[in-house]
Amino acid sequence: MASGTDPAVEQAIRSSLMSFLDKRLLIILRDGAHLIGTLRTYDQYNNIVLTDCSERDVAGEKYVDEKQEGLYVIRGENIVLFGEIDSKIEQKTVKEVSREELERYEKELEAKNIEPSPMKDFAKIGY
């Protein structure tokens with residue numbers, strides 16, 4: 001946590017992370033990467049460890065998950081957003097496709113001047 005942050009706020013964040021232990025999460029990083037994994041542990045700096053991890057490439061409402069081996073250790077300062085995945089909602093709102101189909105869909109969106117994934121690169125907007 002940043003120095004000068006209220007200790008009560010820091011405690012609230014740590015407590016809220018505890019409720020996500022052993023749950024499937026979607027994590028969006030500063031570089032725009034989307035990770036899906038099971039939260040195993042975290043520390044006082046909000047660094048996290050994920051298992052059963054996949055990297056998700058997203059374009060609109062379509063995605064491809066690429067399974068990754070081993071553990072992911074992610075520095076807390078690189079996490080922009082995270083939340084628990086509700087598989088019922090996920091099935092209704094997004095569709096898993098092949099890599100080739102996703103690439104075709106990205107080209108279609110770009111041809112229409114629609115950004116395939118507005119969260120591809122948070123660094124460009126100052127995060």
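This is a predicted model: local features need pLDDT of at least 70, side-chain atom pairs count only at pLDDT 80 or more; totals for chains, interfaces and linings use all residues.

Trainee: Which residues of helix 3 are buried?
Mentor: Leu 102, Tyr 105, Glu 106 and Leu 109. Buried means under 20% relative accessible area, exposed over 50%, partly exposed in between (1.4 Å probe, protein chains only). Helices (H or I, at least four residues) and strands (E, at least two) are DSSP runs, numbered from the N terminus.

Trainee: Where do they sit around the axis?
Mentor: On the same side of helix 3, because they cover an arc of only 105 degrees; the arc is that of the directions from the helix axis to the C-beta atoms.

Trainee: What covers them?
Mentor: The cover includes strand 3 and strand 4 (62–67).

Trainee: And which exposed residues are on the face turned away?
Mentor: Arg 104, Lys 107 and Ala 111.

Trainee: Changing topic: which residues touch the most other members of the largest nonpolar core?
Mentor: Of its 14 residues, Ile 27, Leu 29, Leu 35, Ile 48, Leu 50 and Ile 74. Such a core is a set of buried Ala, Val, Leu, Ile, Met, Phe, Trp, Tyr and Cys residues joined through side-chain atoms within 4.5 Å.

Trainee: Which strands supply at least two residues each?
Mentor: Strand 1 (24–29), strand 2 (34–42) and strand 3 (48–59). A second, separate core of six residues includes Val 64, Leu 102, Tyr 105 and Leu 109.

Definitions and conventions:
Residues are numbered from 1 along each chain as its sequence is written. Side-chain values use heavy atoms; hydrogens and water are left out. Contact means heavy atoms within 4.5 Å.
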